[in-house]
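Me: I've never read a protein structure before, and I'd like to learn by looking at one. Please take me through it feature by feature.

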Amino acid sequence: MESLSLLKRLKLHVSGVEYTVSTADVTPDTTLNTYLREKVHLTGTKRMCLEGGCGSCIVAVEETINDERKIFAVNSCLVSIFSCHGWKIHTIEGIGGPATKYHPIQTILADNNGTQCGFCSPGMVMNMYALYASGPKTQAEIEDSFGGNICRCTGYRPILTAFKKLASDSDEAVTLEDIEDVKICQKGNCTKVCNEKCDEKKNGYYFGLRESKWMKVYHLKDLLEILRTSGSATYMLVAGNTARGVYGSKPHPDIYIDVTNVDELTSYTFSEVDDTLVLGGNFTLTNAIQLFSKISKENKNFAYLSDVEEHINLIANVPVRNIGTIAGNLMIKYNHNEFPSNIFLLLETYNAVIVIVDVEENESMVSPQQFLQLNMAKRVIKHIIFNGYDSSYRFKTYKIMPRAQNTHGLVNAGFLLKFNGQTVVSARIVYGGISSEFVHATKAENFLKGIRLFDNNVLQSVYQILDDEIRPDYVLPDSSPEFRKLLAISLFYKFVLNIAPQDVVSSRNKSGGSILDRPVSTGVQEFGTNKKNYPLGQPIIKVEALAQTSGQAQYIADIPDLPNQLFAAFVTAKASASSQIVSINTAAALNIKGVVAYFGKDDVPGENTFTPRMGGFPVQEELFCEGKVQYFDQPIGIIVADSHDLAVKAAELVEVKYSKPDRKPYLTIIDVLRAKDTSRIHHQTSVVPKSKGKCWFGTDTRHVIKGDFYIGMQYHFHMEVQCCNVVPTEDGLDLYPSTQWMDSAQTACSSVLNIPMSRINVHVRRLGGGFGGKITRNAIVSTAAALAAYKLKKPVKMWMPLEKNMNVIGKRYPLYATYEVGVNAKGVIQYLKADLYSDFGVGGNEPIDSVLIDLFENCYDISRWAFSTYVVATDTHANCYTRAPGTVEGLCCIDSIMEHIAHSLDLDAADVKRVNTNETKFPEVVRFWNDMQTWGDVPNRKKDIQAFNKANRWKKRGMSIVPMAWTLEVNFNYTVMVSIFHGDGSVAVSHGGIEVGQGINTKVIQVCAYRFGIPMTKVSVKPSYNVIAPNCSTTGGSATSESVCYALLRACDVLLERMKPIREKMKNPTWEELIKKCFDSNIQLTASGFYSEDEPGIKEYYIYGICVTEVELDVLTGQNQILRVDIIEDVGDSMSPLIDIGQVEGAFVMGIGYYTTEEIIFDGQGEILTNRTWNYRPPGAKDIPINFRIKFPENTPNPVGVLKSKAVAEPPICISCSVPLAIRNALASAREEADESKPKWYSFNGPTTVENTLSNSLNDYQQYVL
């Protein structure tokens, strides 16, 4: 082995600057993300999930390998800093900004309204930057490349619209400067532009670290020599390190060996003579996709590689595939047999050979299944050998996922059959996701040999064999064994339909052989404006958009560290509710160098609650557990240390002992009802019928329908997790919390610390999303951080990792309802009885009763309705406001009842809703309903759906129409201050609302400029500050933007009135002249405005909407795609139409997640198991409607609205229940065909996931015929 050079420093280039990093300052656990943010202070690159699942941390890497120069995206949270030696890294700040020039990609995303909270924007831009630099891409390729970028705000449509303009096949293609034209040498500090690559000899090297070595090798013989001479030292081969995103960090080995650029492991040979492709084991997934695409097109015996290519494209996401390798994926499967490795499945299906080499260079050739049984100590995956298959083979693999991209499969399957005519010669049937042991359906494979496959009796025999030998395990949070078995058998049937000759398959069954084909998405945004009022009502992008897309926008966690900076992390209860804490031992944590302190309940100077009475809260929720555990992962205390990572690590070392709980925890409403524990069920309201007389029932009851309804939790998934910075000052504390409610943070800290509220200063510039999760819940974090800062007299930051956020912070209120409804022949309700139960967990500080009732009643005639509402206390975290709390659940509940009625009577659900609409009270609903029939082409599409369902057994389509009358409550108050500066007449506004992505600052600037008659450039909005805007309500309830604008107008009017006498004395002055004269005349140029429900003209009003959703369903898998969504939303005279369009799209897509992909699963103790991007799944870019159409009706001014506008942020999520209802309508056709004796309707029981859909299909393999 050529000796490796010892290096004491590693070098990398970041945004054109060379950085030298001492190995003493970092460890292999130091990620590129940590280095960029904490060492280089480039905080435009965000952090969130820390497992490569959200995309907020993406940067672009420029690297020359084998004289080939590439730019590719990586998740900086997964890459060790030691892997970056010699890399050139492009960050969001480096590609463009205000000091140089904005990059066109930054500009195009901003110009197309592609930002809201902006936290995801840098990752979006950098992913597109790398994509564009890698060569021309079609619109489909671009749309396919954002599976790893989560956006909770925008609904993705504007982001995709922006980036598709850069596509090679776009009608409005934008051409950027070729990134390849500029080549900056990476040698030393050289910045010379050159056209030649540097001729740098590839020599191995190593870094000597305190506890280990990091080695880099370029040749296989060097790698094997290191392994041969390493003795008993532990080692880890490092390439993409993407396994960290699945199983977290491993214990530190003695030796890390970077094998990214080992020649023999990253090259390939193809031989047409031998009919083989030999691939280096360390081929990245992206490179494999590109190679397989090329070879499959050029060599007919390798046509199957196109299937492999398509399947690999479903693995993880682009940045993960760019550095993740085939061997790495196989080793995850090797170390964790339960891992549903798609690479393993593909190789086993196509009978690939894995070549293993040991330290003596002895090679062994094994199958993937045999590989799992090997002892891989000091052995390396050298090659993968693919063999050609002639036209006698038929093949297909499947990955059935709970959303379109970036998630592991529920079940994976691979089929390779060799035929002689229609007779099977050999068969390979491989499944993943069944159990850790199951690979081949061996009995089915053996049965098929020599059998003519395309015969229904034969197929039934195969299904029976599969039914017998497929025995799924059940490990939460995996889907149920029954579902996975049914899906596995269904996939074999789908494969048969796919390969069967045309003449043996019925025309109705044939479409079952294909997967859902999603075209490139599109959208329509239709609205009118009045140019005479501009800038009011002008369709403009957010004023912060470019700051967000260029990484300049600062969030709480981006604020630089101060001298003596400390960090805090929660210690949480790892025990079931009703357990008692017996002892807390902090010694192991406090003995670690750098750990400063532990604080618990006994260290609180004031009240141990973050919801104090002084804040008006009825329930005093514990900041730290008082002794009896209320829910799994309840905070017990905090560890304070000199780094965030150390605080998190040390918190896990605190040893807490508990007594056993005296009962099982109540985790759901149904648990409480079954236990008949009335102490946990609290009656709220009984709504009595409006009809007079003792007998309020109608007289024409022909049918009685009974049922129940359940919908569960939803995590807010704000991209910026809960965090707070606290800085001690000479008279108190400065708080920088990620809160939607400054007053809540202030009162909580005052109560906990027992200091006056006036000594607590709260500053908030913006949040990276909130959705209700940062109203009261952020006070848990801000008070804990404040306690540490107050006690230690040092600045403290607290940033909750995603898992802790999901474990500790409450979520959307689950709703369970039981109902009985009597109707006439047309579905008109003669009576309705219902009980509605909301799950508050251990909380109760965020009431929803009034709004739940409002939207349960919706726009319907409730004269014969009698229902009651209840709050149920369960042993889970305190559930809390989540976008449109109560109204989402209420509207979905009543509309599911309406559709249940329709299915029971075999009526069109739209007709049932229409005949039950209160047309006298809600004529606008009728108007918009009629408008939708034409604008949405509803009658013709209904006919098309009927024809489609008649022609297809295994693909079905469905439509749902959902009307809405959403009540805006006005019980808020806000203060606004307007200051005009005499030197140039510029205006500064500070208000009590919080910019969370909803565009409040943009509307404030538009309204201020409109009122003063000045350009928008004259107005700026300052961060929210509790001294300027004290005692304000939370930002939420959709009311804040309009309410703040009301207060703004009051302040502006005060100023205009003061200036009026001066203006009247002047002759048509300019704004600047007027302001100067006012200043000279001692006119006060600062004024406050106030909004409250008691101000003149403030009234509640209705927000109307109607939505039509059409879906297509694969009945054999349970998967669906949303073909089209049409929304008419009444926004009055919109203050800012583009901002409001964004709110509608984002809210609706958040609802898609709630109803179809997002599921919170507990284990028996109450621990949340779906607490990561690995298993909690917000919608992605390819889960949105294929055709997404929004219309704001014109000429609908709101007579009681601010400037005739209406609120918009929350109502659109309510009508997203049209998605699961449309799925039910599609599935009704299949259920009717499957078993006419069963009802077409099935009730809501949580989200309408892929599993839920297939499990309710009434499929039976006896139906699986040709």
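Reply: Let's start with contacts, meaning heavy atoms within 4.5 Å. Leaving out residues up to four places away in sequence, lysine 399 touches His311, Leu314, Ile315, Ala316, Asn342, Thr407, His408, Gly409, Val411, Asn412 and Gln1119. Before we go on: this is a predicted model, where local features need pLDDT of at least 70 and side-chain atom pairs count only at pLDDT 80 or more, while totals for chains, interfaces and linings use all residues. Residues are numbered from 1 along each chain as its sequence is written, and side-chain values use heavy atoms, with hydrogens and water left out.

Me: Where is lysine 399 placed, and is it buried or exposed?

Reply: Helices (H or I, at least four residues) and strands (E, at least two) are DSSP runs, numbered from the N terminus. Lysine 399 is in strand β16. For burial, look at relative accessible area: under 20% is buried, over 50% is exposed, and in between is partly exposed (1.4 Å probe, protein chains only). Lysine 399 has 7%, so it is buried. UniProt, in an unreviewed entry, also lists Lys399 under "binding site". UniProt positions follow the numbering used here, feature names are shortened, and annotations may be inferred rather than shown by experiment.

Me: Which residues of helix α11 are buried?

Reply: The buried set in α11 is Leu305, Asp307, Val308, Glu309, His311 and Ile312. That's six of the eight residues in this helix (305–312), so α11 is mostly covered. What they pack against includes β16 (393–400), along with β12 (276–280), α10 (285–298), α12 (318–323), α14 (342–349) and β15 (379–387).

Me: Which cysteines does UniProt list for "binding site"?

Reply: The unreviewed entry lists Cys49, Cys54, Cys57 and Cys77. They are spread over 29 residues of sequence, yet they cluster in space, with a largest C-alpha distance of 10.3 Å. Take two of them. Cysteine 54 is in the loop between α1 (32–39) and β4 (58–65), and at 2% relative accessibility cysteine 54 counts as buried. Among the contacts of cysteine 54 are Cys49, Gly148 and Met719. Cysteine 77 is in the loop between β5 (68–75) and β6 (88–90), and at 4% cysteine 77 is buried too. Contacts of cysteine 77 include Cys57, Thr31 and Arg244.

Me: Which other residues does UniProt list for "binding site", spread over 298 residues of sequence?

Reply: Gln740, Phe771, Arg883 and Gly1037, again from an unreviewed entry. They cluster in space as well, with a largest C-alpha distance of 12.5 Å. Phenylalanine 771 is in the loop between β29 (760–764) and α25 (778–792). Phenylalanine 771 is buried, at 13%, and its contacts include Gln740 and Arg883. Glycine 1037 has a relative accessibility of 28%, so it counts as partly exposed. Glycine 1037 touches Trp966, Leu968, Phe972 and Glu1210, not counting residues up to four places away in sequence.

Me: How do I read a pair of helices, say α27 and α28?

Reply: Axes are lines fitted to C-alpha atoms, for helices over the stretch in contact, and angles run from 0 to 180 degrees between N-to-C directions. The axes of α27 (849–857) and α28 (887–905) come within 7 Å and cross at roughly 30 degrees. That makes the two roughly parallel (under 35 degrees; over 145 is roughly antiparallel, 65 to 115 roughly perpendicular, the rest oblique). In α27, Val851, Leu852, Leu855 and Phe856 meet Thr887, Gly890, Leu891, Cys893, Ile894 and Ile897 in α28. Those contact residues divide into eight nonpolar, two polar and no charged. Here Ala, Val, Leu, Ile, Met, Phe, Trp, Tyr, Cys and Pro count as nonpolar, Asp, Glu, Lys and Arg as charged, and the others, Gly among them, as polar.

Me: What should I look for in the backbone?

Reply: Most residues other than glycine have a negative phi, and most peptide bonds are trans. Aspartate 275 has a positive phi of about 55 degrees although it is not a glycine, and lysine 378 also has a positive phi of about 55 degrees. As for peptide bonds, the one from leucine 476 to proline 477 is cis, with omega near 10 degrees. Tyrosine 534 and proline 535 are joined by a cis bond too, with omega about 10 degrees.
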